[in-house]
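Please find below a colleague's note on the structure under review.

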Amino acid sequence: MNKPTFLLVEDDPQAAILLKRIFKKKARDITITVASDGAEALQYLTGTPTAGQQLQELPALVLLDLDLPKVHGLEVLRRLRAHPRTATLPVIILTSDREIDAATGYTLGANSFMRKPLDFDEFLRTIVKIGLVTFAKPAARSDN
Amino acid sequence: MEYALLSLPKAGCVLNQTEEVLNRDVFIEDAEPKVLAAPRPEDSLLPAATNNGTTGPSTPVTETQTVTPRQKRRTRTCWQRLLLTALVFVGSLYGLITIGRTAFDNFIHEQEAHAAVGRTQQVLVTLQSLASSLHAAESGARGFAISGQQSHLDQYYGATKMIQPQLDELHGVLQDDSAALKQFGSLEALITANLAVLKEMVDLGNKNVFRAVGQRALADRGYGTMQNTSAALQAMEQSARARLAGQSNVALQHAHTARVALLEGGALACAVLLLCSISVYWLLIENGQMEEKLNGFLESSPDAIVIVNKEGKIVVSNSYTERLLGYTPQELAGQTVAILVPERYRKVCLQQYAVYFANRGDPMTTTSLELSAIHKDGREFPIDICMKPLETEQGILVTSALRDISQRKQTEQKVTRLNEQLEQRAAELEAANKELEAFSYSVSHDLRSPLHSIDGFSQVLLEDYADRLDAEGQEHLKHVRSSCQQMEEIINALLALSKMMRTEMFRQKVDLSVLARQIADELKAKAPDRAVDFVIANDLTANADAQLLRVVLENLLNNAWKFTSKKPRARIEVGSLLQSNGDQVFYVRDDGAGFDMEHAQKLFSPFKRLHKTSDFQGTGIGLATVQRVIARHGGKIWASAAIDHGATFCFTLAAANKDGTT
């Protein structure tokens with residue numbers, strides 16, 4: 001069975017641990033892969049594979065923090081949308097930053113915008129809203 | 001103060017400044033300059049205009065004014081005066097000549113009349129001599145004829161010899177009188193006849209026949225001719241006497257006229273002399289006054305005044321010049337004006353002077369230049385030169401008023417420096433403010449992640465490890481979480497405050513009544529069990545940023561809500577008043593816990609709380625945020641309260657028609 005994978009782009013390891021725990025408790029099927037900065041995330045999603053390696057399978061969803069070292073979250077988003085492989089990949093911006101201009105995120109192609117710490121119920125409502133298959137009907141989805 | 005007008009001996013000029021006429025001949029222009037500074041070639045007053053000095057000031061500030069008609073009028077008055085004087089002089093001269101000529105003519109005529117009188121008197125004398133000669137000849141002849149004595153014959157010959165020369169003399173004297181000459185002709189004929197009779201008598205006597213032959217007849221004839229001759233002589237004498245009388249009269253008249261003319265001439269000459277003397281005296285007095293006035297004017301001036309002629313030489317200077325520049329008026333007289341300015345300004349200065357003399361026909365102008373002056377001791381300082389042409393009969397002179405503007409320059413520099421400092425400070429302050437905002441933002445922001453972690457892991461402990469913690473441990477963890485939440489609120493409030501200051505303001509008409517009701521409804525919805533009466537006035541409008549004003553009302557109403565929480569039934573009012581100056585004051589009043597007015601000044605500072613958190617929840621940021629929003633609108637906020645008797649918060653927003661941004 002092909003479990004869905006979410007890519008969490010988060011530089012704070014504690015925050016990543018807490019988020020992974022939530023998914024572990026509430027959505028066991030979902031695998032959370034963590035990229036700890038913007039460059040790593042871009043490499044994972046769009047980077048050319050080194051010799052002998054296969055191209056990474058795309059995750060079902062990207063949870064993108066904005067305040068990232070190396071490459072800022074909004075820049076990551078811009079490049080993802082500019083890349084043919086990831087142009088339509090669902091991305092939810094995750095940030096503790098209340099100041100962030102959500103409009104900028106949407107303009108750059110984010111599917112949704114959520115505040116940290118993540119409220120799982122709100123997260124569920126959001127992924128339904130953006131059209132990702134809900135976990136209430138697991139049979140309807142799996143492979144991409 | 002010593003009188004400094006050294007070189008205004010006699011010069012006629014119209015002094016514009018004093019509105020006076022000066023009458024003098026020449027300013028001393030030929031005074032040899034004392035060698036204070038060797039005159040340079042460029043000191044000439046007609047420098048090449050194209051010669052741009054490299055060290056000279058770029059372009060001096062020049063102000064120009066045209067000359068008033070009054071100045072022209074003054075010139076005209078001067079000329080009119082001169083013309084009048086000339087006319088009077090010419091008239092007097094003409095009168096004197098006429099009178100002199102009359103006197104001379106009359107004198108000549110009198111002389112002529114005298115000559116005529118002389119001649120007439122001579123005629124009379126000759127006539128008398130002639131008469132006596134004739135009588136002598138007649139008695140001689142008669143005696144000889146009667147007595148035959150030789151002595152009678154001698155008398156006869158002697159008298160007869162006299163007659164012809166006397167006749168010739170008479171003829172000569174009467175030469176220019178035709179009437180007299182006619183009488184003379186008949187007289188001569190009578191005398192000739194008379195002499196012929198007498199000769200006949202003598203001849204008869206010689207022959208001794210007189211007594212015998214025709215003696216009587218002859219004697220009668222002789223008597224007759226003698227009578228005729230005498231009558232003719234008398235007539236001639238009478239006419240001569242008449243002529244003499246006329247001639248004497250004429251002579252007297254001419255003499256009289258000449259005398260009168262001489263008297264008149266003398267009187268007129270005296271009058272002219274007197275007038276001239278008065279005029280000269282008056283002019284001298286006036287000159288003296290003028291000089292005094294000019295000096296007074298020069299000396300009373302708060303500026304150094306230098307009057308320059310067209311050679312660029314100083315003609316006059318006042319004693320203030322000495323104070324300002326160190327040169328006495330005597331030292332300056334005849335010097336080139338260029339010594340007063342530093343080398344690099346000389347060209348500009350002299351060019352400016354040259355303009356006046358080059359454009360004589362042009363309207364007179366006043367020029368003001370900002371240059372530097374150089375003191376006798378070599379010290380340089382900024383001055384303001386104001387040049388004005390001065391019309392004189394010798395042509396145009398230029399008065400230059402020099403003013404020391406060191407102080408003004410210093411003040412200007414100081415002001416400029418202060419302004420620069422102020423600008424720098426303002427920039428620094430702005431930068432510091434921005435930095436502070438950025439700092440507080442990033443601090444708040446960066447504090448959040450670890451706070452989330454603390455809270456998150458506490459939650460993990462409580463959820464997953466509850467079975468391994470006793471009740472007390474779990475209680476402690478709950479306190480950790482509660483503190484985390486409190487801190488989260490503070491951080492959020494700080495971020496909100498920082499946002500208040502950074503977001504752009506957009507003013508529009510805002511209905512405070514509607515806003516207040518919305519907020520009140522939200523509050524009531526959160527705690528439906530509380531009994532609070534909201535009394536909100538209708539139609540409270542303001543020209544403000546709607547979002548910011550919502551923050552204000554939210555905070556104030558939240559406070560009111562919070563501090564009335566211990567009352568079973570509370571009352572919260574929102575309304576407005578008009579201040580005496582016309583400003584609208586909005587207020588939010590509650591009947592809650594209130595506060596001690598002693599601490600009122602702490603009210604609007606961040607993190608200052610007048611109540612314990614255990615009594616009333618809060619971050620201590622709310623009123624600080626409100627205060628800043630009000631300040632951004634240009635308004636004021638204040639509060640009045642009493643413990644347990646509620647609080648009233650009043651605020652104004654700047655006038656509705658003012659534009660929005662801070």
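Predicted model: local features only at pLDDT ≥ 70, side-chain atom pairs only at ≥ 80, totals over all residues.

1. Make-up of chain B. Chain B contains 12 helices and 14 strands. Of its 662 residues, 30% count as buried. Among the contacts in chain B with a separation of 6 or more, 69% are accounted for by residues 24 or more positions apart.

2. The largest nonpolar core. This core has 46 residues, and those that touch the most other members are B:L512, B:A516, B:L549, B:V552, B:L553, B:L556 and B:L557. The greatest contribution comes from helix α11 (residues 546-563) of chain B, which supplies nine residues. Domain 3 (422-502) and domain 4 (504-662) of chain B each provide at least three residues to the core.

3. Surroundings of B:L557. Leaving aside residues up to four places away in sequence, B:L557 touches B:A516, B:I519, B:A520, B:L523, B:I572 and B:V588. B:A516 and B:L557 both belong to the group of core residues that touch the most other members.

4. Five strands of chain A form an open sheet with parallel pairing, in the order β2-β1-β3-β4-β5. Because β2 (31-35) and β5 (112-115) of chain A stand at the edges with a single partner strand each, one side of each is left without a neighbour in the sheet. From one strand to the next, the twist averages 25°.

5. Pairing and packing in this sheet. Strand β3 (residues 61-65) and strand β4 (residues 91-95) of chain A pair in the parallel sense over four bridges. In this pairing, A:V62 stands opposite A:V91 in β4(A). Helix α5 (residues 120-129) of chain A packs on the sheet and touches β4 and β5 of chain A. The direction of α5 makes about 175° with that of β5(A).

6. Contact between the chains. How many residues of chain B are in contact with chain A? There are 10, and they meet 11 residues of chain A. On the chain B side, the elements that give two or more residues are α8 (406-464) and α9 (471-502). Of these, α8(B) gives the most, with seven residues. By class, this side of chain B has two nonpolar, six polar and two charged residues.

Notes: Residues numbered from 1 in each chain as written. Chains lettered and ligands numbered in written order. Contact = placed C-beta atoms within 7 Å. Nonpolar A, V, L, I, M, F, W, Y, C, P; charged D, E, K, R; others polar. Core = buried A, V, L, I, M, F, W, Y, C linked by C-beta atoms within 7 Å. Buried ≥ 20, exposed ≤ 12 C-beta atoms within 10 Å, placed from the backbone. Domains from an automatic or database assignment. Pairing = 2+ DSSP bridges. Axes fitted to C-alpha atoms, helices over the stretch in contact; angles between N-to-C directions.
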